[in-house]
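Please look over the sequence and the fold shown below before reading on.

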Amino acid sequence: MSIRIAGTGSYVPEKILTNADLEKLVDTNDEWIKTRTGIAERHIAADDEACSDMAVAAARQALDMAGISASELSAVIVATTTPDHIFPNTASLALDRLGGKGAFCFDLSAACSGFISSLEAAYALMCTRSQYRYALVIGSEKLSIITNWSDRNTCVLFGDGAGAAVLENTADAGPNTILAADFHADGSLGSLLTLPAGGSRQPATAATVAAHLHTIHMEGRETFKHAVNAMTGACRTVLETAGVRAEQLKLVIPHQANIRIIQAVSQRLGVEDARVFCNIAHYGNTSAASIGICLDEAVRGGRLERGDLVLLTSFGSGLTWGAMLLKY
């Protein structure tokens, strides 16, 4: 038995919001944004474009690359913090839109760590249940609906999009795709990155809406510090577990949150910029969609070939973080 990535896909909305556009909304400028975040533009979903719409668009590409139909899927996991509804889950809606039925479907909420957490969950299912032949993992986010567009510290960071991957459980005797993984959470730090209202702790009221409590709140400096330390530690753990040296990696794909975080983690790992995948300039932080979009672009752009070692790592609200070593 061998579990491998059979297909990848991605989608971003047509509308592009540039730094120059943001200069008209808040007190900021292009140089300030690029210097501190590395972001030049981000894609923003249309008003009638939901999380499932983007998820389906990315999934269709992944299914096409894998050469299968949605009816062959045994499981669908959608990583998101911006689902279509609290219920039904977005995974069920996406499967229906794709033309499938009967698969095990659920949403996973781990914010920016969602995509690699979902890969781990799908992989675990397939390892323990032989009947799971194909699993579809999607990270999809419409962060524009939970962004406070009057907050200059956060509105410059986020964009919308989706990334997807199909895992296949084959009869081959070759190595599994996931060689090692390491995941953690620390709820005591949850207040550093949060959407305060809208849940059972603080239900929606006119007051919570007026106070922008249904938008992203982040303590940037503390989040940065924890992100760098946590991602670096998780990466080192998986490399040591797999007996792989940093110089053996073909590519490192970190969550695209901030160029300074990406550079700090890669420098600590001793990986030069040429082997670090970075598309943050064009998409900003798309949370759970981030690594899926990067992985698809790396595959379709020829930066990954079968047998290459690729290290994925992310950090998000929860606080959650982790790393995963793949043999593509």
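F104 has a relative accessibility of 37% and therefore counts as partly exposed, on a scale where buried means under 20% relative accessible area, exposed means over 50%, and partly exposed lies in between (1.4 Å probe, protein chains only). The model is a predicted one, in which local features need pLDDT of at least 70 and side-chain atom pairs count only at pLDDT 80 or more, while totals for chains, interfaces and linings use all residues. Residues are numbered from 1 along each chain as its sequence is written, and side-chain values use heavy atoms, with hydrogens and water left out.

The partner of F104 is F106, and the two form an aromatic pair that is tilted, with 5.1 Å from centre to centre and 45° between the planes. The rule behind this takes the rings of Phe, Tyr and Trp (its six-membered ring) as paired if their centres lie within 6.5 Å, and it calls planes under 30 degrees apart stacked, those over 60 edge-to-face and the rest tilted. F106 is also partly exposed, at a relative accessible area of 21%. The rings of F315 and W321 have centres 6.5 Å apart and planes at 25°, so this pair is stacked. Here F315 is buried, with a relative accessible area of 6%, and W321 is buried as well, at 17%. By this rule the count of aromatic pairs comes to 2.

How many helices and strands does the secondary structure of the protein come to? There are 10 helices and 13 strands, where helices (H or I, at least four residues) and strands (E, at least two) are DSSP runs numbered from the N terminus. The radius of gyration is 19 Å, close to the 20 Å that the globule rule gives for 328 residues, so the protein is as compact as a globular protein of that length; the radius is taken over C-alpha atoms, and the rule is 2.2 Å times the number of residues to the power 0.38. Taken along the principal axes, the C-alpha atoms fill a box of roughly 55 × 45 × 35 Å. Of the 328 residues, 55% are buried. Among contacts between residues at least 6 apart in sequence, 77% join residues at least 24 apart, a contact being heavy atoms within 4.5 Å.

T8 has 0% relative accessibility and counts as buried. Leaving aside neighbours within four places in sequence, T8 is in contact with Q61, A62, M65, A164, A165, L295, D296, V299 and R300. In the case of A62, 54 residues separate it from T8 in sequence, whereas the C-alpha atoms are 4.1 Å apart in space.

Helix α10 (residues 290-300) has 9 of its 11 residues buried, so it is largely enclosed by the rest of the structure. Its buried residues are S290, I291, G292, I293, C294, L295, D296, A298 and V299, and among these L295, D296 and V299 are contacts of T8. After α10 comes G302, whose phi is positive, near 80°. By contrast, R221, which lies in helix α7 (residues 220-242), is exposed, with a relative accessible area of 75%. The C-alpha atoms of R221 and D21, 200 residues apart along the chain, are separated by 25 Å.

Some points of the backbone deserve a separate look. Most residues other than glycine have a negative phi, and most peptide bonds are trans. The peptide bond from F87 to P88 is cis, with omega near 5°, and P88 lies in the loop between β4 (75-79) and α4 (90-98). The bond from G318 to L319 is also cis, with omega near -15°, and L319 lies in the loop between β12 (309-316) and β13 (320-327).

A111 is not a glycine, yet it has a positive phi of about 55°. A111 is found in the loop between β5 (104-108) and α5 (114-128) and, at 11% relative accessibility, counts as buried. H212, likewise not a glycine, has a positive phi of about 60°. The loop that holds H212 runs between α6 (206-210) and β10 (217-218), and H212 is partly exposed there, with a relative accessible area of 36%.
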